[in-house]
Amino acid sequence: MKILLSAYACEPNTGSEHQIGWSWIKTLSQKNKVYVLTRKKNKKKILKEILLKKIKNVSFLFYDLPDFFIKIIKGGNNKSNSYLYFLFWHVFIYFKYKKLIKENKIDLIHHVTFGTFRIPNLLCLCNIPFIYGPLAGGEMVPFKVLKKFSTKSKLTEVLRNISNSYVRFSLLLNITLFRAKKIILTSETSRKFIPKFYHKKIQIIPALFNEKFFYKLKKDNNFKICFIGRLVEWKGVEILKKLFLKIETLNKKITLDIYGNGPRKNNLENFIIKNNFENKIKIFGHIDQKKLIKSFKKYDLLIFPTLRDSGGYVILEALNNNLNVITTNAAGPKAIIRNYDLGFVDIFNTTLDQIANQFFKKIKLYYDDKNKKFYKYKLNKLLSKKNKIKKIYNF
């Protein structure tokens with residue numbers, strides 16, 4: 001089968017959305033001829049990985065908007081501007097490549113990244129079966145927690161929630177949903193934002209890939225924990241601060257390493273200085289994915305206190321490298337892990353202090369329980385490429 005993937009983000013060894021895009025390419029190219037529409041910006045890393053791993057059956061169509069578009073729309077790396085660029089990119093690729101798509105007799109078009117239902121994809125107009133997703137975006141920070149966010153973060157969340165509501169009124173989005181043969185959502189939380197007329201097309205399938213469903217991970221006592229993610233409030237940065245103040249009362253040997261950048265970095269640095277935690281908490285910023293994975297062996301726990309998430313690829317990276325995890329029951333982590341010994345931290349109808357306290361109790365249990373040697377994790381079987389492909393492409 002000839003499949004065209006619309007994969008705006010698909011850099012190898014990058015993580016997050018890029019890893020999702022790259023996973024689809026590797027999986028589908030094993031038994032199909034795959035054409036990939038992606039950004040020219042991704043070209044260098046992609047070609048290097050293709051040669052290194054000798055990946056076959058893939059042809060890339062690299063495209064970026066003209067330079068003046070990039071300067072006007074993406075100037076300053078503003079997130080909302082980036083989404084505007086993403087929208088225009090999809091409009092332009094349709095008109096640029098629709099003839100090529102027809103000439104190559106493509107059997108199926110599949111939009112995989114970015115995984116958001118807020119942006120239409122005009123490739124649905126090509127009169128070829130079109131799959132839209134996996135998509136997310138309906139995840140919301142619980143109201144009790146949102147009340148404690150900074151004014152700027154509150155405004156960001158409110159605008160995001162308003163933008164979710166415009167889906168039902170958007171002509172281009174409704175055309176995309178109407179033309180799609182299937183709409184793949186990563187969790188039930190996004191379903192309510194899709195007009196009911198299209199619900200019969202919806203399937204709930206996680207965006208990530210993983211071939212292992214059960215883990216039994218050894219317990220370590222290095223007294224080192226880590227956090228990996230963007231330093232923004234919805235990722236749980238304030239929870240980290242409250243949590244570490246509690247950890248200090250439990251065991252002064254425990255240290256926290258933070259990997260990531262973001263607008264709350266300065267706030268975190270001030271917290272560290274104010275509490276004399278310079279030797280206890282280190283911020284490393286963003287580092288190469290391969291280097292990050294190598295560092296996992298020195299930690300006991302990954303703390304992932306997300307308050308809304310559609311994925312959580314770092315959870316799989318941790319489990320696949322024998323690093324135990326404590327996370328929340330946000331949609332993303334719940335789509336990956338069905339249940340595990342340490343148990344989810346409940347973020348609904350609770351305050352930031354209560355969430356931090358739940359994390360503290362689980363960390364305390366981890367270090368106090370001398371009889372516990374292993375922790376078990378049961379994962380969603382739809383993470384497997386075989387199960388995922390069978391469910392999505394079974395027309």
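Where in the chain is the place of lysine 54? Lysine 54 sits in the loop between helix 2 (43-53) and strand 3 (58-62). Helices (H or I, at least four residues) and strands (E, at least two) are DSSP runs, numbered from the N terminus.

This is a predicted model, in which local features need pLDDT of at least 70 and side-chain atom pairs count only at pLDDT 80 or more, while totals for chains, interfaces and linings use all residues. Residues are numbered from 1 along each chain as its sequence is written, and side-chain values use heavy atoms, with hydrogens and water left out.

## Overall description

The protein chain contains 14 helices and 15 strands. Its C-alpha atoms fill a box of roughly 65 × 45 × 40 Å along the principal axes. The radius of gyration of the protein chain is 21 Å, which agrees with the value near 21 Å for a compact globule of 395 residues. That radius is taken over C-alpha atoms, and the globule rule is 2.2 Å times the number of residues to the power 0.38.

Of the 395 residues, 56% count as buried. Buried means under 20% relative accessible area, exposed means over 50%, and partly exposed lies in between (1.4 Å probe, protein chains only). The accessible surface of the protein chain comes to about 18800 Å², and 55% of that surface belongs to carbon and sulfur atoms. Accessible areas come from the Shrake-Rupley method with a 1.4 Å probe; for residues, only the protein chains shown count as cover.

Among contacts between residues at least 6 apart in sequence, 71% join residues at least 24 apart. Contact means heavy atoms within 4.5 Å.

The protein chain carries 77 positive and 27 negative charges, and the mean positions of these two sets are 6 Å apart. Lys and Arg count as positive and Asp and Glu as negative, with His and the chain ends not counted. Each charge is placed at NZ of Lys, CZ of Arg, CG of Asp or CD of Glu.

## Backbone geometry

Most residues other than glycine have a negative phi, and most peptide bonds are trans. Lysine 54, which is not a glycine, has a positive phi of about 50°. This lysine 54 is exposed, at a relative accessible area of 67%. Asparagine 127 also is not a glycine and has a positive phi, of about 60°. Asparagine 127 belongs to the loop between strand 4 and strand 5, and its relative accessibility of 67% makes it exposed.

Two cis peptide bonds can be described here. One joins threonine 113 and phenylalanine 114, with omega about -5°. Phenylalanine 114 is in the loop between strand 4 (108-113) and strand 5 (130-135). Another cis bond runs from glycine 133 to proline 134, where omega is near 20°. Proline 134 is placed in strand 5.

## Cysteines

A disulfide is a covalent bond between the sulfur atoms of two cysteines. Zero disulfides are found in a search of the whole structure, with a disulfide taken as a pair of cysteine sulfur atoms within 2.5 Å. For cysteine 124, which is in no disulfide, the nearest cysteine sulfur is that of cysteine 126, 8.0 Å away. Cysteine 126 is likewise in no disulfide, and its nearest cysteine sulfur is that of cysteine 124. Cysteine 124 is buried, with a relative accessible area of 2%; cysteine 126 is buried too, at 17%.

## Pairs apart in sequence

The table gives sequence separations and C-alpha to C-alpha distances.

| Pair | Separation in sequence | C-alpha to C-alpha distance |
|---|---|---|
| Isoleucine 315 and isoleucine 336 | 21 residues | 8.1 Å |
| Leucine 245 and phenylalanine 277 | 32 residues | 9.7 Å |
| Isoleucine 194 and asparagine 164 | 30 residues | 9.0 Å |

Isoleucine 315 lies in helix 11 (residues 313-319) and is buried, at 0% relative accessibility. Neighbours within four places in sequence aside, isoleucine 315 is in contact with Leu302, Phe304, Val325, Thr327, Pro333, Ile336 and Ile337.

Leucine 245 is part of helix 8 (residues 237-250) and is partly exposed, with a relative accessible area of 40%. Not counting residues up to four places away in sequence, leucine 245 touches Phe271, Asn275 and Phe277.

Isoleucine 194 is in the loop between strand 6 (182-185) and strand 7 (202-204). Isoleucine 194 is buried, at a relative accessible area of 2%. Leaving aside neighbours within four places in sequence, its contacts are Phe117, Leu177, Leu185, His199 and Ile202.
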